[in-house]
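This report looks at ring contacts and at one stretch of surface. Please view the structure first and then read on.

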Amino acid sequence: MKMKNKTRLASFICYCLLAVCVVLTLFPYLWTFLAATHTNSQVFNFEYSFKLGSNLIQNYYDLLEALPIWNNLFSSLFVAAVYTVLILLIDSMAGYGFSQYQFKGRDTLFIVILAAMMIPVQVLMVPLYIQFSKMNMVDSWWGIILSGLPGAFGVFLMRQAMLSFPRDLVESARIDGAGEARNFFTIVLPNMKPALTSLGILSFVNQWGNYYVPLVLLNTTEKYTVPVAISLLAQPNFDINYGALMLGACMAVLPIMVFFLIFQKNFIDGMMAGAIKG
Amino acid sequence: MKKRMRKVMALCLAALMTASLAGCGEKENTPPAASDSSDASEGSSAESTGAEESANDAEETEGTENAGESSWDLSGEITVTAWNSSYTAIVEGAKQFMEMHPEATITVEQVADNTKLFTQLAAGTGVPDIMQFQNRDNPTAFDKYAGSFLDISDLMSQYEKDIMPAVIPLLKDGDTWYSAPWDVAPALLFYRTDIFEECGVNPDDIKTWDDYIEAGKVINEKTNGKTKIMGFDYNGTSSFDMPLIIFYEESGSFFDENGDVQFNSEAVKTAFTIFQKMVDEDIAMNLPSEWTDRITALTNDNLCTVPYGVWFAGTLKENLADQAGKWSCMGLPSVGENGNNQANSGGSTVMVSANTKYPELCKGFIEWFLLSTEGSRINMEVSTLFDAYMPAYSDESYTKVDDYFGMSPAGLAGELCSEIPDLPFPAYFTDIGQIFQSDAIGPYFVDGKDMETVLNEATEKAQKQLEYLRNE
């Protein structure tokens, strides 16, 4: 009996601590949401901090006046979605090659790819800019998508996941007459769902939050992705409209929250899969 | 096998690093102006460090075409980048300009800051025809991106007498004008009239910073410590604009006459001593994230004065609309009796790309938008931007009473700008300033270290950084 009380107390304390953590984590989001309903002079007034304001609609119109926010959301969505699909395809193919084929220089090549992970994008930006301007891809979404594709992380993740796939299975499919494409798409890929999901979510989230590359490559406000567009509102100068800014931040976070909540279970599964099979 | 593997890995890494370093080298060695020669072919010019031949060509063409003085050929298509409220103003300016000159097409692009521009300048391609700069970054840009900017001396030399004198040194590299001024920011002391009145403080009695501190003590006492007279980031990490106001008043510079870093100067020591006194007397408050914390403090009546550039009038109106009629502004306090009370805090400029296909259109637009009363009126009326073009200061758009303040901040700023000391921003000021922020302000105001030691140590660190940047 005593023991039971003790565990109860422990879990009670545990839950209390967790509740505090939840409040701490959620508070900035809550404040952002509340601030999105306030007028500019209420945002920083303590009296209004925890009250729902009535300026949401005006803030929305102000935001629309300052930014083509729906275009920006579409840009972000398009770039992130196309990028994610391409990353999944390319990286899983590369991972398949590295894990299932034997060829000369395979490990060396793999190390070179891994080493590429260490080069920060800031170093690459000037050469990339020159390259894309020669390819006429400045101010185009494809520039952003292409520049992100040669990422090593996805190749690494997919290779690790595919290493555990029995090579005999591939062999027997081959003996039964399956071509390489069929082998890859119908035998291997369907078994890689956890890894694909986690890579997909990571890629999508990364590209959604990508600031630096779109900032440099895009010129037209309509084409700006959400982070770049929002940054136009957030400079320390006199015409910051904080209400509109907070509303913009909410609109930027919402799609990614929904996306994450939908795939959350798969995401965690995928992370575990990657972690153990490595 | 393992050993071989390691060797291969080491080799690969070395190869990668060399490749990335080689990329950097290429970036520096290629003069940006020359890298896209096809763009530069249509009568544009370049500065002497760049392609000299094309510069000579351009001088010849311009010489003949500009015989009629400021009658530029305004046909063509140009792109302009600007940020924030400057963007709003220049969009309107471009619209009106194109109505007057249908042969001109001006596209204005909105940018958040100059991150993209620096990449374009380094790459030597994609540079907009006219680009906005923070005025303090000008000399750094002249040094770092030499050859990227068009010599606009033929335009600017006509207007030298009309430009606020303090900003002129930032527009030239040697004797050549590469930049035109946009807005400047004579500093004023913004104060809450209602709080001053309640506490029995007469603003006219505040002539020096000592008077200011005395007023702060009275306000602190009468409001039971609720309202402070000064707020700044004691750590200096988010901003160091406040102590710099006194530094500017005192003609301070972070560099000595040899161009070496020197933080340990009279101007810095004076500024530090006065601000330390405010902290000691408990009349200052810490604003760790200065910009937003200041607005929070002002909203909640915790702060009653702000010495800042004239543009701060716009901030108050925008973010503290509820406090209309409770604010006014006056000249800054000075360090000693009858000392200088003029300083500048902020401002921007524009530069023209050396690769522009339409240099005349660029100059013509700049002349109309930034060097005429008509243009300055648009800047003031659309975005309350206070231009460096002095003849505009008597225009009604500057002098008319602003209901929010019950007076005209721009009109007052127009009277308080002729004696501003030259702006002390040699090349790499911003980089050196960052070290001052992190290594001088925090250690002095927060950690309470000895002023001399702090300043000397920060100087040493900044000098190393400066040498690195100059040799880069």
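## Charges over rings

In this model, K51(A) lies over the face of Y48(A), at 5.6 Å from the ring centre, where a charge sits over a ring if NZ of Lys or CZ of Arg is within 6 Å of the ring centre and within 35 degrees of the ring normal. The charged end of R159(A) is placed over the ring of F110(A), 4.1 Å from its centre.

The model is predicted, with local features needing pLDDT of at least 70 and side-chain atom pairs pLDDT 80 or more, while totals for chains, interfaces and linings use all residues. Side-chain values use heavy atoms, without hydrogens and water, residues are numbered from 1 along each chain as its sequence is written, and chains are lettered from A and ligands numbered from 1 in the order in which they are written.

## Aromatic pairs

Over all chains, 54 aromatic pairs are found (for Phe, Tyr and the six-membered ring of Trp, centres within 6.5 Å; planes under 30 degrees apart are stacked, over 60 edge-to-face, the rest tilted). Among them is the tilted pair of F27(A) and F50(A), at 5.9 Å centre to centre and 45° between the planes. This pair links distant parts of the chain, 23 residues apart, with F27(A) in helix α1 of chain A and F50(A) in the loop between α1 and α2 (56-66); helices are DSSP runs of H or I with at least four residues, strands runs of E with at least two, numbered from the N terminus.

F50(A) counts as exposed because its relative accessibility is 60%, the classes being buried under 20%, exposed over 50% and partly exposed in between (1.4 Å probe, protein chains only). F27(A), at 35%, is partly exposed.
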